[in-house]
Amino acid sequence: MPEPANLAGTPDDAATDSTPSFRDPALERRFSEEGFVKLRILPSDAAIAIAGRIARLYPHGVEANQPQSNWYLGLIDDDRELALRSARLVRDAIVPSLAPLFAHARCHYASVAIKPGGAGATPIHQHWPTTIDPFARRIACWVLLSDRQGSAARFRLVPRSQRILPYIRHSRSGDYFDGFSEQVERRHSRDLELSPGEAVLFEDSILHGTGANPGQQMRVAALANFVGADMGTAALLPDGDDAFAVIDTGGRDGMAEFLETGEWPESWHPVSRIANRNRAISEEEFVRLLAGNEAATLDHDPLDAIRSPRSRFSRIVRRAARLAGRWTGRGAPG
């Protein structure tokens, strides 16, 4: 991938803070509360023109190379030179419009994302951590570039879901919501309709997906990911059953090489080991965690309080009261 560009913030920013934030206090407040904001990044005609430039790099169209999501990503394209060309185009055309929004930030990577004509919806999913601190804020940007072709482009997400669990997604893990994934899509997600030039900026670990492309032409979008100005980048890989190895990627993303070969690039090296606290949860626990809106860290898991003996006893008492209320016809509070 292209070298990360320090296009946002100032040298002072890099020396004092590793958390990317929005310069506009109102945007920062909205992002902190919900985990996302929707903004217009480019005029519609400018976005469509960029989509045309990207499409010309793929004159024969594309095929999905992620079976679980029907997406084609230049980031993991077999043709590395083509992937680099498309990524450079996105970095040069899109990142300068995004970077001024942020303080204390740098662009970690940029990529093109194309959904072929007729491809289905991308299921709700969670991204892998890409920073030395796996729970540091990472701001992902998904920018629609191409014309909607008569059908609204939809970006789907679950507000506040980036906060609730110290769960680390990796290449061989299931999702913590595997047992109720259909309910997440149907009951808990929210759809955002986008037109060319509009973007969803979201906390990178939020649960999200995208709608189907019912048209015949490929749908072109751009991706850019921002991390703290002085935050190191990393890959987190399973180290036995009870830990993760934190692998410093040297400020340069080598995930495409790792996915292709299974070998670490020479620039990668282990820097630490952290406990594996991944746990599957129930839909009831998911709802309670969202309502509590309490941020998880490496040292704190909000799920512990929900699963404590006192909490379980309280739930049993409340459930018994509700059942008793139904039996008497009077109802019960809570």
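This is a predicted model: local features need pLDDT of at least 70, side-chain atom pairs count only at pLDDT 80 or more; totals for chains, interfaces and linings use all residues.
Biologist: Is Cys107 buried or exposed, and is Cys141 buried or exposed?

Modeller: A residue is called buried when its relative accessible area is under 20%. Cys107 has a relative accessibility of 3%, so that Cys107 counts as buried. Cys141 has a relative accessible area of 2%, and so Cys141 too is buried.

Biologist: What share of the residues in the protein chain is buried?

Modeller: The protein chain is built with 10 helices and 15 strands, and 80% of its contacts with a separation of 6 or more are between residues 24 or more positions apart. Of the 334 residues in this chain, the share that is buried comes to 51%.

Biologist: Which residues is Ile54 in contact with, leaving aside its neighbours within four places in sequence?

Modeller: Ile54 lies in helix 3, and with a relative accessibility of 0% Ile54 counts as buried. One of its contacts, Val90, is 36 residues away in sequence, although the two C-alpha atoms are 8.5 Å apart in space. Once the neighbours within four places in sequence are left aside, the residues in contact with Ile54 are Leu89, Val90, Val112, Ile114, Leu145 and Val220.

Biologist: How are helix 3 and helix 4 oriented to each other, roughly parallel or roughly antiparallel?

Modeller: Helix 3 (residues 44–55) packs against helix 4 (residues 80–93) with the two axes 10 Å apart, and the crossing of this pair is right-handed. Where they meet, Ile50, Arg53 and Ile54 of helix 3 are in contact with Leu89, Val90 and Ala93 of helix 4. The angle between the helices is about 165°, and angles over 145 degrees count as roughly antiparallel. Helix 3 and helix 4 are therefore roughly antiparallel.

Biologist: Which residues of helix 8 make the contact with helix 6?

Modeller: The axes of helix 6 (residues 181–188) and helix 8 (residues 283–292) come within 11 Å and cross at roughly 40°, which makes helix 6 oblique to helix 8. The crossing of these two helices is right-handed. On the side of helix 6 the contact is made by Gln183, Val184, Arg187 and His188, and on the side of helix 8 by Glu283, Phe286 and Val287.

Biologist: What separates the C-alpha atoms of Asp241 and Asn276?

Modeller: Asp241 is found in the loop between strand 13 (234–238) and strand 14 (243–248), and its relative accessibility of 78% is why Asp241 counts as exposed. Along the chain Asp241 and Asn276 are 35 residues apart, while the separation between their C-alpha atoms is 7.5 Å.

Biologist: His104 has a positive phi in a residue other than glycine, so near what value is it, and is His104 buried or exposed?

Modeller: The place of His104 is the loop between strand 4 (102–103) and strand 5, and its phi is near 60°. Since its relative accessibility is 15%, His104 counts as buried.

Biologist: What is the phi of Asn293, about?

Modeller: Asn293 lies in the loop between helix 8 and helix 9 (302–306). At a relative accessibility of 27%, Asn293 counts as partly exposed. Although Asn293 is not a glycine, its phi is positive, at about 50°.

Note on methods: Residues are numbered from 1 along each chain as its sequence is written. Side-chain values use heavy atoms; hydrogens and water are left out. Buried means under 20% relative accessible area, exposed over 50%, partly exposed in between (1.4 Å probe, protein chains only). Contact means heavy atoms within 4.5 Å. Axes are lines fitted to C-alpha atoms, for helices over the stretch in contact, and angles run from 0 to 180 degrees between N-to-C directions. Helices (H or I, at least four residues) and strands (E, at least two) are DSSP runs, numbered from the N terminus. Angles under 35 degrees count as roughly parallel, over 145 as roughly antiparallel, 65 to 115 as roughly perpendicular and the rest as oblique. A crossing is left-handed if the near helix is turned anticlockwise from the far one by less than a right angle, and right-handed if clockwise.
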